[in-house]
Structure formats: C-alpha cells, structure tokens
Amino acid sequence: MINSSAFSTDVKQFPAKKQRFIPMTGTYPQGFFAGGAHCGVKKNGKPDLAVLLSDRPTVASAVFTTNQFCAAPVLFDRSVLNSAREQGCQTVRAVVVNSGCANAVTGKQGLLDAGAMAAAGSQLVKTFDAISTNSASDDGDVGTGDTLVMSTGVIGQSLPVDKIAKGVRDIELDIAHESWMRAAIAHMTTDTFPKLLSRTVELAANGGKTIRMAGITKGAGMIHPNMATLLGTICTDAAITQPMIDKALAYAVARSFNAISIDGDMSTNDTIAVVANGAAADGWVIDSELSHEYVTFRDELTRFMAELASLVVRDGEGATKFITIEVAGAKSFSDAKQVASTIATSSLVKTAFYGQDANWGRILCAVGYAGIPLNTGAVDLTIHPGDGSAPLVLVRAGEPLLPIDESRASEILAQEDVLVRVELSLGKESARMYTCDLSHDYVSINADYRS
C-alpha cells in the first residue's frame, strides 16, 4: 500500500526565498478530502499523484488551453463537463492529477488512458462512499463521469496507467492541512515550491453565509494565456448553480490565470477547474448574478485566483523578479489588457528587468505596437517599488522627465517586486498582467528539461 506520509511536507526542503509563500496551516472547505503520493510516473521517486475528493456531488466548471494540440485529459474533461450540463445534474466527485507525464500528443491511446485514470477515480469514490456509509463496496461497473483528470509533464509519452490506478486505489485522503500540502507537492514538475492557498469568505453583508475556498496550482514554465501553462483546482463549499459558477470562473480567470505570462509559450494541458459542493449551505444557493452573494463570490474568487496565479509567476523558471504591469485609463478592459499583455510578453522588457536596466523606452515601444489607438501626448509611465517607498515617474503626458534619476531607478529595479503603471488617459477601464524577468537560468532549465 502506498503511504501518502512517505514523503516530507517540511517547507525547509524548498528554496529559502520561496518558503514564505508556503502556508504552514489552512482552513479548508467542508466535505473535501485531499492526498498525494508517489505511484511511479516519475522515475526519481518524487511525488507524482494527487487526488481531491468531495463527499457529495459538486457543481463544476473549467477553462482549458486553446492550443489545438490539446492533451487527452483536456478532451476527456470537456466531455465530462459538457455531459453534466446536458443532463442538468451535478456529477463530479473527484479530481485525479498526475505529474511527470502530460499524456499529450498520444493519439487514441491517450484518450483511453485518460478514461482509465478517471475510472480509477470513480472506483475510489465508490470505495469512499462504502466506507462512509459502512456498507459493502459495489463491485459492479464503474463509470467515469464523476472524475476529472489532469496530467502535466513531458509531451509525447504514454501514461503508466496501471501504476496510476494502483496509486489512486491506495492513496490516503484526509481533510488536514498536511494532506492538502501532499497533494500540492505531488502537482510539481519544474516548480520549486508547492502552490496552495485557503481562505474563509463571508458572502452576506449581515453574516451567516460563511464559505471556504482552497486552491492548488502548478506551473513554472510554458506560461502564457490563453490559458497560462498550468494546472489548478479551486474547491469551495459554496452552494452555486451551474450558470453562476460558469460566469464567475470566466470573469475570474480573465483577471488571474489568463493575466500571467512567463515565456510566451502556451501548453497543451492547461486546465483550471472550480468545484463547489454546497456543504456550507443552509438552505441558500447563489443563483442570480444580480445578488450581493454572487458579486461577492465572484470578486473573492477573482482575488483568490489572482493570488494563486501570482505564485506561478513567482516560481517562473529562472525568474528573479515579480513584475506587475498595470494599464489604466483605457476605453475598455480588453484594450487595457491587450496593452498590459504586450508589455508583459516583450522579451526586451523582460531582459531589461533582469539586468535592472531602466530602459523605459522598451516599455513605451511595447505600448505603441499593442494595436490600441493612442493619444501619445497623454501617456504617463511610472515604476513603483515593492517596498512601498516613493515611485519614480519616467514619462508624463508623453514627455520624458529628464534627466532620469538613474540612481533611484536602480534602487527600484533591484527589488524583487516591481509595479509598472501606464496611464493611457483615454477612459476609465484598467487591467493587470503579472510577469517576471527573463534570465540565463531560463535557457539552462529548458535546454535539458528531458534529461
């Protein structure tokens, strides 16, 4: 039997600079269980299997990669969720994740393997229910419609499905923080630290509707919308209808996981799922986008997912800087995001940040070719240090403030966190993108990824 306690969750095993991003405890949604283990996908013996399981059916929604070579798990999960919508019922109970093998570009066999992985999850659900009700386990036919599957790792290799099935069968699940941490660690590939968050949210202005959220994500390279290259699952005990969770996720993902970029490469496996089991409900359900509860849920989900997404950028392969690009004064959110994305994906901008070079001309250059009509004589550019000290205005109303205070610029760019703010002065809409610098180490990591 695989013992999920066989690997350490001690934060000291991860880089000292990253340990502050790893939670030591958490508050997790009711009715959800988690676990992680090594089942044999990774040859180095590191954790490679994670399971999240709800003790009751959930309302589930997901956003996937737009890469046309989408992986078998993506095709499988789309089918599961579409079927649930067509049937108008809650079906998803479990999410099974493996790391080390992407099950992408694997043809018909890949779809069969994704189905086998889901079948293992479905059998685990049946076993869990039998133990919970103290009844005999049903050994009949096992479906796959109650399990989502996710895979990450090397493209073009087949899954060792027998090892995964055994791992799922033997995995230990619990509600404790340690079990959630094991699941987060098992997601990791080139990640240098596990990415786990949890939060308690009050939905009603007068109290009485407290919910919890917990999220796990992974990603460090091949990060770029739409989607950013990563896997992620957010679990919540909120009660919400299918249309409302779909709307909330679409809104949140545009401002979080589709607002990060590390290297401009989009993966084949990207999946972000939200599953809500309603365990916190006491006769209430979020069923209208006009309600205070929906708006609060949507906005809290957005903030939560943005924080999760930021952890991915902070773990960017070879990254030394966490850079927030804020574009304000646009005519629309999409315009603001387009400009922010253009800046965030510029290799010249990213390498300048790595070199701590205040080459602001590269930023304005990116603004200029973003494809949005501008009044160049009204654009402001400011850089803000992460320590909260005074920002440095570089351009005001299209004119550089010369001479540039190079000493102050160097002080700001030496910090790990930097915010670049561009004011377009065209409207009232704004957007943010989260990115990192581009270093020598990025090339080294990706030059020998398979070795």
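Accessible areas here come from the Shrake-Rupley method with a 1.4 Å probe. I started with that term, then opened the model, which is a predicted one.

**Entry 1: the surface and the whole**

The protein exposes about 18400 Å². Carbon and sulfur atoms supply 51% of that area.

Next I asked how many of the residues are buried. Of the 451 residues, 56% count as buried.

I then went through the secondary structure. I found eleven helices and 15 strands. The radius of gyration is 22 Å, close to the 22 Å that the globule rule gives for 451 residues, so the protein is as compact as a globular protein of that length. I also noted the box filled by the C-alpha atoms. Along the principal axes, it is roughly 80 × 55 × 40 Å.

Residues 24 or more positions apart account for 79% of them.

**Entry 2: the largest cavity**

I counted three cavities of 30 Å³ or more. The largest holds about 90 Å³ of space.

Which residues line the largest cavity? I listed V349, A352, F353, D357, A358, N359, W360, R362, I363, I383, L394 and L413. By class, that makes nine nonpolar, one polar and two charged residues. Helix 8 (347-354) supplies at least two of the lining residues, and so does helix 9 (360-368).

**Entry 3: the second largest cavity**

I moved on to the second largest cavity. Its volume is about 50 Å³. The residues around this space are T58, V59, A60, L81, A84, C89, Q90, T91, V92 and Q242.

Which element gives the most to this lining? Strand 2 does, with three residues. I noted that strand 2 spans 49-64, and that helix 1 (72-87) also supplies at least two lining residues. By class, I recorded six nonpolar, four polar and no charged residues for the second largest cavity.

**Entry 4: one arginine**

I found R298 in helix 6, which covers residues 292-314.

Is R298 buried or exposed? Its relative accessible area is 19%. Buried means under 20%, so R298 counts as buried.

I then looked for its contacts, not counting residues up to four places away in sequence. R298 touches A248 and Y251.

Terms used. Residues numbered from 1 in each chain as written. Predicted model: local features only at pLDDT ≥ 70, side-chain atom pairs only at ≥ 80, totals over all residues. Heavy atoms only, no water. 1 Å grid on protein atoms, 1.4 Å probe; cavity = no way out; pocket = protein on both sides within 12 Å on 5 of 7 lines; lining within 4 Å. Points joined across faces, edges and corners; volume = space filled by probe spheres on them. Helix = DSSP H or I, 4+ residues; strand = E, 2+ residues; numbered from the N terminus. Nonpolar A, V, L, I, M, F, W, Y, C, P; charged D, E, K, R; others polar. Buried < 20%, exposed > 50% of the residue type's maximum accessible area, 1.4 Å probe, protein only. Contact = heavy atoms within 4.5 Å. Rg over C-alpha atoms; globule rule 2.2 N^0.38 Å.
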